[in-house]
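Biologist: Please walk me through how to read this kind of model. I would like the general idea for each feature, and then the case at hand.

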Amino acid sequence: MDDKISIITVTYNAAATLEDTILSIIKQTYPNYEYIIVDGGSTDNTLEIIKKYQHKLAHWVSEKDSGIYEAMNKGIKASNGKWLIFLGADDVLYTNEVLNDIFLNNETDSIDFLYGDVIMKSKGTVFGGKWSYYKLVNRNINHQCIFYNRTIFEEQGFYNTKYKILADYEFNLRIFRKPYFKKKYIPQVVSVYNNRGISNQVLDEDFYVDQLEYFINTEKLSPGDYRLQTYFFFYGFTQLLKHKRATGFKNILHAIIFGRRKFFYCFFCVKYFFSLLGFGKKIRSSFVLKGQSN
C-alpha cells in the first residue's frame, strides 16, 4: 500500500450533498489516502459540514476563487499523493472497497493515467470503457474515474483556467496526444457521478474554438471529419447565444451535414427556436456561456 492517493473535492454551496461525498471517502478500507477540500467561500452550511469532518481531512481551505479549475489547481498544490483523483461535491465513490480493489489487485507501477468507469446518477447506467485518443475527441472521460499520476502534473502543469468548464477535457486531450504517457483501463466502476451538474449546463466557447483550431491546423483533420462536428455545433450554438446568428447557423448547419448526431443537433436547434418564440424560457436561460466575452 505504498501508493498514496490524494482525493480532492472542490465545493461551493454544496451543503445538500457534500456529507454523502465525505462519507463515501472516509469509509474506504484502503488506508493510504489523504482527503483535501477546497471551498470557494460558501455562504450556506457547507463550512459547518467541512468542520464536522475536518479531523479526517489532510487539508481544507475556504476562500474566493475564479472558478472550478483554480480550486482544483489549489488542491493539486496542497496534495502529497502519488495518485490524484477529483471527486465532485455531489459525487460518491462506488463502494467502500473500491480503492482497495483497484490498487491492491492491479499493477500500477509504470502507469501514468489509470481510469475506470462511472455510473451516471440520473440514469443509473454505466459509462466508460477503454478510450483511445480519437474516441476522446468525441467525448471526455469523467474525471471522477481517473487517477492521475503526479508525474503528469509535474510535466504538463496544471489545469488551464482559461477554460471555465472543460479544462479537464483539454487536459485529458493533452495527455492522450502524448503516447509516452502510459494509460491503463480497469473495467470497474469507480464512482457515481452527478451528470446534471454545472458542466452539463454551461458552454465553454474558448474550448471549442481552440480545439477546432488545433485539430484542423495542427493535426490536419478535415473540417468535414465527423469527429469534429460536435465542436462545430457547440461553437455555433455559442454564437447563437451571443446573437451572432449568421456565424451560429453556418457552424450548426456544417455539423448537421457532416456529423453523425443529426437528431441530437436538430433537437437542440428546435429547443432554441421555441425559446426565441417565448416558449420554454428555461431552455434558453439554462445554458450559460463561458469563455470569450466579446
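The dialogue below goes from the whole chain to single residues.

Modeller: This is a predicted model, where local features need pLDDT of at least 70, side-chain atom pairs count only at pLDDT 80 or more, and totals for chains, interfaces and linings use all residues. Residues are numbered from 1 along each chain as its sequence is written, and side-chain values use heavy atoms, with hydrogens and water left out.

Biologist: How many helices and strands does the protein chain have?

Modeller: Helices (H or I, at least four residues) and strands (E, at least two) are DSSP runs, numbered from the N terminus. Here there are 12 helices and 11 strands. The radius of gyration is taken over C-alpha atoms, and the globule rule is 2.2 Å times the number of residues to the power 0.38. The chain has a radius of 20 Å, close to the 19 Å from the rule for 294 residues, so it is as compact as a globular protein of that length. Its C-alpha trace spans about 55 × 45 × 35 Å along the principal axes.

Biologist: What share of the 294 residues is buried?

Modeller: Buried means under 20% relative accessible area, exposed over 50%, and partly exposed in between (1.4 Å probe, protein chains only). Buried residues make up 51% of the chain.

Biologist: Which residues of the largest nonpolar core touch the most other members?

Modeller: A nonpolar core is a set of buried Ala, Val, Leu, Ile, Met, Phe, Trp, Tyr and Cys residues joined through side-chain atoms within 4.5 Å. The largest one has 89 residues, and Ile5, Ile7, Phe147, Tyr148 and Tyr159 touch the most other members. Helix α9 (residues 229-241) gives the most to this core, with seven residues. Contact means heavy atoms within 4.5 Å.

Biologist: Is phenylalanine 207 buried or exposed?

Modeller: Phenylalanine 207 counts as buried because its relative accessible area is 0%. The residue lies in helix α8 (residues 205-218). Beyond four places in sequence, phenylalanine 207 contacts Tyr163, Leu166, Tyr169, Glu170, Leu173 and Tyr231.

Biologist: Which strands pair with β9?

Modeller: Two strands pair if DSSP finds at least two bridges between them. Strand β5 (residues 92-93) pairs with β9 (residues 183-193) in the antiparallel sense, over two bridges. Valine 92 has valine 192 as its bridge partner there. Strand β6 (residues 113-120) runs parallel to β9, with seven bridges. Aspartate 117 stands opposite valine 189.

Biologist: What joins the side chains of serine 79 and arginine 150?

Modeller: A polar contact is a pair of N or O atoms within 3.5 Å; within protein, one must be able to donate a hydrogen and the other to accept it, and residues adjacent in sequence count only if both atoms are side-chain atoms. The two side chains make one of 2.6 Å. Serine 79 sits in the loop between α3 (68-78) and β4 (83-86). Serine 79 counts as buried because its relative accessibility is 6%.
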